[in-house]
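Please keep the sequence and the model in view while reading.

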Amino acid sequence: SHDAGPYVPEHADLAALRRAAAGCRGCPLYADATQTVFGEGEPSAQVVLVGEGPGDQEDRTGRPFVGPAGRLLDQALEEAGIRREDAYVTNAVKHFKFARTAGGGRRRPQPPSAAEVTACRPWLLAELRLIEPEVVVALGAVAGRALLGSAFRVTQYRGRLLTCPPPETLGTRQAARIAEEGGETAGHIVATIHPSAVLRSDDREAMYAGMVADLRVAAQALA
Ligand code: URA
């Protein structure tokens, strides 16, 4: 098989999912990574934050968003009025993808492919089904596509209170349509830029302010 599906236990709680994910070989990324970086937070979390995939420090520690992007995210969340303890933090892809720099020194992060995002999606769907958050926040284009399918564009979708499509439609073209047009579900989805895009930008202040503004849309849906 070429996806995580066979590794995801049925009728599992988050703790059991996490244990099973540690042994996932649903795509080739496990081979070079140190460990699976599963989501972290309370099962009762009102908001689920979805990143792209673990970076170097996440790979070493086994925890999501603990490196530079995580520190920026923590600051932006606080400024937007979202308490980290009310949030469950996870990633579209749960193993670190990287390339060695010339000479074999640093591990340079690489964006996961569409196939890797698809392969890992069963874990994300299982997390969302268990938590049933009020708001899902997509951090960047990879998370946005993992949830709303290939039609997702950050510039088009960011900062809007969208309808969260039912889990069984996530990642399909139907998902983007439901997000825009609304549906039966109680939950919402809000997209913003990825914190690493702020760190890489020439205009960090404006990028950061834009991210906080988007996160405030999510915060309002919680209030
Ligand atoms: N970037 C991500 O997308 N996720 C992390 O956990 C860390 C950095």
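## Basis of the description

Two strands are taken to pair if DSSP finds at least two bridges between them. Helices (H or I, at least four residues) and strands (E, at least two) are DSSP runs, numbered from the N terminus.

The model is predicted, and for that reason local features need pLDDT of at least 70 and side-chain atom pairs count only at pLDDT 80 or more, whereas totals for chains, interfaces and linings use all residues. Residues are numbered from 1 along each chain as its sequence is written.

## The sheet

Five strands form an open sheet with mixed pairing, and their order is β2-β1-β5-β7-β6. The edge strands, each of which pairs on one side only, are β2 (87-91) and β6.

Within this order, β1 and β5 run parallel and are joined by four bridges, with Val48 standing opposite Val136 in β5. β5 and β7 also run parallel, joined by five bridges; Val135 has His188 in β7 as its bridge partner, and Leu139 has Thr192 in β7. Strand β6 (residues 162-163), by contrast, runs antiparallel to β7 and is joined to it by two bridges, with Leu162 opposite Ile189 in β7.

A residue is called buried if 20 or more other C-beta atoms lie within 10 Å of its own, exposed if 12 or fewer, and partly exposed in between, the C-beta atoms being placed from the backbone. By this criterion β5 is mostly covered, with five of its five residues buried. Val135, Val137 and Leu139 point one way from β5, while Val136 and Ala138 point the other way, and all are buried.

β7 is likewise mostly covered, since five of its five residues are buried. His188, Val190 and Thr192 point one way from β7 and Ile189 and Ala191 the other way, all of them buried.

The buried residues are Ala141, Val142, Ala143, Gly144, Arg145, Ala146, Leu147 and Leu148. Their cover includes β1, α4, β5, α6 (154-157), α7 (173-181) and β7. After α5 comes Gly149, which has a positive phi, near 85°.

Axes are lines fitted to C-alpha atoms, for helices over the stretch in contact, and angles run from 0 to 180 degrees between N-to-C directions. Helix α4 (residues 114-131) and helix α5 (residues 141-148) pack at an angle of about 70°, their axes lying 10 Å apart. The two helices are therefore roughly perpendicular to each other, where angles under 35 degrees count as roughly parallel, over 145 as roughly antiparallel, 65 to 115 as roughly perpendicular and the rest as oblique.

## Helix α9

The expected span of a helix is 1.5 Å times one less than its number of residues. For the 19 residues of helix α9 (residues 204-222) this span should be 27 Å, and the end C-alpha atoms are 27 Å apart, which agrees.

The buried residues of α9 are Met211, Asp214, Leu215, Val217, Ala218 and Ala219. Among the elements that cover them are β1 (47-51), α3 (68-80), β5 (135-139), β7 (188-192) and α8 (195-200).

## Individual residues

Most residues other than glycine have a negative phi. His11, although not a glycine, has a positive phi of about 55°; His11 lies in the segment before α1 and is exposed, with 5 other C-beta atoms within 10 Å. Glu132 also has a positive phi, near 45°, and is placed in the loop between α4 and β5, where Glu132 counts as partly exposed with 16 C-beta neighbours inside 10 Å.

Arg19 is found in helix α1 (residues 14-21) and is partly exposed, with 13 other C-beta atoms within 10 Å. The C-alpha atoms of Arg19 and Pro9, which are ten residues apart along the chain, are separated by 9.9 Å.

Conventions
Two residues are in contact if their C-beta atoms, placed from the backbone, lie within 7 Å.
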